[in-house]
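Visitor: I am new to this one. Could you walk me through it, question by question?

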Amino acid sequence: MDRFQEMQVFAAVAQDQGFSAAARRLGMSAASVTRAVAALEKRIGTPLLTRTTRSVHLSEAGQRYLEDCRRILAEVQEAEDSAAGSHTQPRGHLSITASVLFGELFVTPVMVDYLTRFPDVTINALIVDRVVSMVEEGIDVAVRIAELPDSNQHAIRVGEIRRVICASPKCIETHGRPRHPQELTHVPVVATSAIGQQRSWAFQEAGLSLAVRPQPRLVVTSNQAAINAACLGLGFTRVLSYQVASRVAAGELEIVLADFELPPQPVHVIYQGGRKAPARIRSFVDLVVLALRAHPALHV
């Protein structure tokens, strides 16, 4: 087996986190896949995978090598496409990730538009409320709401969002409009136990941090459920501005305590490969950046 084939096998094992699953996808025997990875590790001189009885994970060296493998394999495919005269037409498979509600509202329409334009591309979208390792899970493009740590990944800032307190006009009329975050302890509240939400709500006052711990009447596991309950007049809730932009525009919800909000959080499109990324990645990044930068809900 040549080096390119070994790279393909290793990348498949890393993506599927198992030898048997990679073997099925590649149409090979599990023994052949195991031998290929073992030969690769022997030649390189370091373990690339950490094996347990239940799963396979990348070692630190494996993470670095996997990123290089994917870049090299993508460049080979790009060179073949170019030689065949199809270099201007994106083709192949894309892996994309975004958080659940953001992915549903903003990324899914872009994916549909992209697939309509480029029929030779397929997409696997990992729409989950957790931080996905792009290297370990084989992600080409990620849309993330957060300040980004220094890394070798390429990122484009496309907007920003706020963490807002909102309620229906009926709720505000009944319970009054809070003038200070501490007043949230005396009004009905809808809270969410979704990932990233805390029991204490953070604010700032005169440049200093301020934490308020409301006593919710209703706790739900999704932001969308909290938004629906707030629209029905049950109480005040805390969500991200993009999640309620359409409800605020329609007059179903009103934002309160804006003067006490934390600084906005940036929205980034992150992608693998930089300028050497395959056409399918570059073209999708161009399209999603254009769409998100034009969306009014991401400019607060």
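Visitor: Where does Ser 59 lie?
Guide: This is a predicted model. Strand 2 covers 56-58, and helix 4 covers 60-83. Ser 59 sits in the loop between strand 2 and helix 4.

Visitor: Is Ser 59 buried or exposed?
Guide: The cut-off for buried is under 20% relative accessible area. Ser 59 has 13% relative accessibility, so Ser 59 counts as buried.

Visitor: What does the twist average from one strand to the next?
Guide: Take the sheet in its order, 11-8-12-7-13. From one strand to the next, the twist averages 40 degrees.

Visitor: Which residue in strand 12 is the bridge partner of Val 164?
Guide: Strand 7 (residues 163-167) pairs with strand 12 (residues 236-240). The sense is antiparallel, over 4 bridges. The strand 12 partner of Val 164 is Val 239.

Visitor: At what angle does helix 8 run to strand 12?
Guide: Helix 8 spans residues 241-249. Strand 7, strand 12 and strand 13 are the strands that helix 8 lies across. To strand 12, helix 8 runs at about 120 degrees.

Visitor: What covers the buried residues of helix 7?
Guide: Helix 7 (residues 223-231) lies across strand 8 (189-192), strand 11 and strand 12. The buried residues of helix 7 are Asn 223, Ala 226, Ile 227, Ala 229, Ala 230 and Cys 231. Their cover includes strand 8, strand 11, strand 12 and helix 8.

Visitor: Which residue takes a positive phi just after helix 7?
Guide: The phi is about 95 degrees. The residue is Gly 233.

Visitor: How do the axes of helix 5 and helix 9 cross?
Guide: The axes of helix 5 (residues 100-117) and helix 9 (residues 279-293) come within 10 Å and cross at roughly 130 degrees. That makes helix 5 oblique to helix 9. The crossing is right-handed.

Visitor: How many nonpolar residues does the contact of helix 5 with helix 9 have?
Guide: Helix 5 brings residues including Phe 102, Phe 106 and Val 110, and helix 9 brings residues including Phe 284, Leu 287 and Leu 292. By class, 1 residue is polar, 3 are charged and the nonpolar ones number 10.

Methods
Residues are numbered from 1 along each chain as its sequence is written. This is a predicted model: local features need pLDDT of at least 70, side-chain atom pairs count only at pLDDT 80 or more; totals for chains, interfaces and linings use all residues. Side-chain values use heavy atoms; hydrogens and water are left out. Two strands pair if DSSP finds at least two bridges between them. Helices (H or I, at least four residues) and strands (E, at least two) are DSSP runs, numbered from the N terminus. Axes are lines fitted to C-alpha atoms, for helices over the stretch in contact, and angles run from 0 to 180 degrees between N-to-C directions. Contact means heavy atoms within 4.5 Å. Buried means under 20% relative accessible area, exposed over 50%, partly exposed in between (1.4 Å probe, protein chains only). Angles under 35 degrees count as roughly parallel, over 145 as roughly antiparallel, 65 to 115 as roughly perpendicular and the rest as oblique. A crossing is left-handed if the near helix is turned anticlockwise from the far one by less than a right angle, and right-handed if clockwise. Ala, Val, Leu, Ile, Met, Phe, Trp, Tyr, Cys and Pro count as nonpolar, Asp, Glu, Lys and Arg as charged, and the others, Gly among them, as polar.
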